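Please look over the structure below. The report that follows walks through selected features, one region at a time.

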Amino acid sequence: LKKTRIAIIDDNTGYGVLSRDTATKFLAAYNLKPVYTATVDPNKPDVTDELLKAKEAGADAITEWSNAAGFVARLVNARGEQNWNVPIIGHPAILQETVAKLLSKRSYWENAYGVGYAHQVVDAQGNLPANVRAFMDKHKDTIGPYLAAGLPAFLQGHAAVTIYAAGVTKAGDTDPFKVKAALESIPAIDTPYGPFSYTPTDHNGYRDDAIKLLVANAQLPNQGYPPVKLG
């Protein structure tokens, strides 16, 4: 987004603090230092003070890192209520419909972005990837209650089982070391969540090209699932 004066606001969970430190190191690699940093209790009912301090520090973008929908919604609300239209970029939770439903105005969800995945992105005709659509059609009677949390919520769980099954099938055995070796020999394991591949020296699995920056307020009407457009 070509912004350089970044404010970092994270929650005070171990996850939030580690993410704050990682983001700070990442910015340092580009000779950037956050103009403001705040670590906040995710249950704090009002984060207006943090937003105002970030504004006073001259921030031209906010990055937040928390998977607490209520905390994220309060940040987005505070920005909107201050009429401060800087981009807010953050955790995939910011993309959830559950966050939108907690906002005072849905328009506050504009100019908000989150780390998301290729499996959430539609083509020019508004269609999700074929394997994702097929998964949703097959399980349409059971996934409904989880759609507000976004596609990753259940596709990730499905991928975990699929990956293990692929390893056991290739190994012909459930011995963990044989499964490990089998997974490291499979070029790619395709799942609706995205492609996974492992090597003896790289166990990250999920490919970087499957991670995308998504626009929060970009879901298709009547579709029932969150962001679908590239940021």
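Cover for the buried residues of H2 comes from elements that include S1, strand S2 (36–40), S3 and helix H3 (69–81). This is a predicted model. All values here are computed from it.

**Helix H2 and what follows**

Which residues of H2 are buried? They are Thr48, Glu50, Leu51 and Ala54. Viewed down the axis of H2, these buried residues fall within an arc of 165°, so they line one face of the helix.

Lysine 55 also belongs to helix H2, which spans residues 48–56. Its relative accessibility is 37%, so lysine 55 counts as partly exposed; the partly exposed class runs between the buried limit of 20% and the exposed limit of 50%. Setting aside neighbours within four places in sequence, lysine 55 is in contact with Gln82 and Trp84. Lysine 55 and arginine 79 are 24 residues apart in sequence. In space, their C-alpha atoms are 9.6 Å apart.

Just after H2 comes glycine 58, with a positive phi of about 85°.

Most residues other than glycine have a negative phi. Two asparagines are worth a look here. Asparagine 83 has a positive phi of about 50° although it is not a glycine. Asparagine 83 sits in the loop between H3 and S4. With 70% relative accessibility, asparagine 83 counts as exposed.

Asparagine 111 also has a positive phi, near 55°, and is a residue other than glycine. Its place is the loop between helix H4 (97–100) and S5. Asparagine 111 is partly exposed, with a relative accessible area of 22%.

**The largest pocket**

The largest pocket holds about 640 Å³ of space. Of the 20 residues that line the largest pocket, the closest to its centre are Ile6, Phe26, Leu27, Thr63 and Ile89. Which elements give two or more residues to this lining? They are strand S1 (6–11), helix H1 (14–28), strand S3 (61–65), strand S4 (88–90) and strand S8 (211–215). H1 gives the most, with 5 residues. By type, the lining residues of the largest pocket divide into 13 nonpolar, 4 polar and 3 charged.

**Aromatic pairs**

A pair of aromatic rings is described by the distance of the centres and the angle of the planes. A search of the whole structure finds 7 aromatic pairs. Two of the pairs are set out in the table.

| Pair | Centre to centre | Angle between planes | Arrangement |
|---|---|---|---|
| Tyrosine 117 and tyrosine 206 | 5.8 Å | 75° | edge-to-face |
| Phenylalanine 135 and phenylalanine 154 | 6.2 Å | 10° | stacked |

The tyrosine pair links distant parts of the chain. Tyrosine 117 is in strand S5 (residues 112–117). Tyrosine 206 is in the loop between strand S7 (194–196) and S8, and the two tyrosines are 89 residues apart. Are tyrosine 117 and tyrosine 206 buried or exposed? Both are buried. Tyr117 and Tyr206 also belong to a cluster, in which ring pairs link them with Tyr193 and Phe196.

Why is the phenylalanine pair called stacked? The planes of phenylalanine 135 and phenylalanine 154 lie at 10°, and planes under 30 degrees apart count as stacked. Phenylalanine 135 lies in helix H5 (residues 130–138) and phenylalanine 154 in helix H7 (residues 152–171), so the pair ties together parts that are 19 residues apart in sequence. Both phenylalanine 135 and phenylalanine 154 are buried.

**Two partly exposed residues**

Tyrosine 164 is found in helix H7. At 45% relative accessibility, tyrosine 164 counts as partly exposed. Neighbours within four places in sequence aside, tyrosine 164 is in contact with Thr174 and Val179. Between tyrosine 164 and alanine 78 there are 43 Å in space, C-alpha to C-alpha, and the two are 86 residues apart in sequence.

Threonine 4 lies in the segment before S1. Its relative accessible area is 43%, so threonine 4 is partly exposed. Leaving aside neighbours within four places in sequence, threonine 4 is in contact with Leu32 and Asp60. The C-alpha atoms of threonine 4 and valine 115 are separated by 18 Å, with the two residues 111 residues apart along the chain.

How values were computed: Residues numbered from 1 in each chain as written. Predicted model: local features only at pLDDT ≥ 70, side-chain atom pairs only at ≥ 80, totals over all residues. Heavy atoms only, no water. Helix = DSSP H or I, 4+ residues; strand = E, 2+ residues; numbered from the N terminus. Buried < 20%, exposed > 50% of the residue type's maximum accessible area, 1.4 Å probe, protein only. Contact = heavy atoms within 4.5 Å. 1 Å grid on protein atoms, 1.4 Å probe; cavity = no way out; pocket = protein on both sides within 12 Å on 5 of 7 lines; lining within 4 Å. Points joined across faces, edges and corners; volume = space filled by probe spheres on them. Nonpolar A, V, L, I, M, F, W, Y, C, P; charged D, E, K, R; others polar. Phe/Tyr/Trp six-rings, centres within 6.5 Å; stacked < 30°, edge-to-face > 60°. Arc of directions from axis to C-beta.
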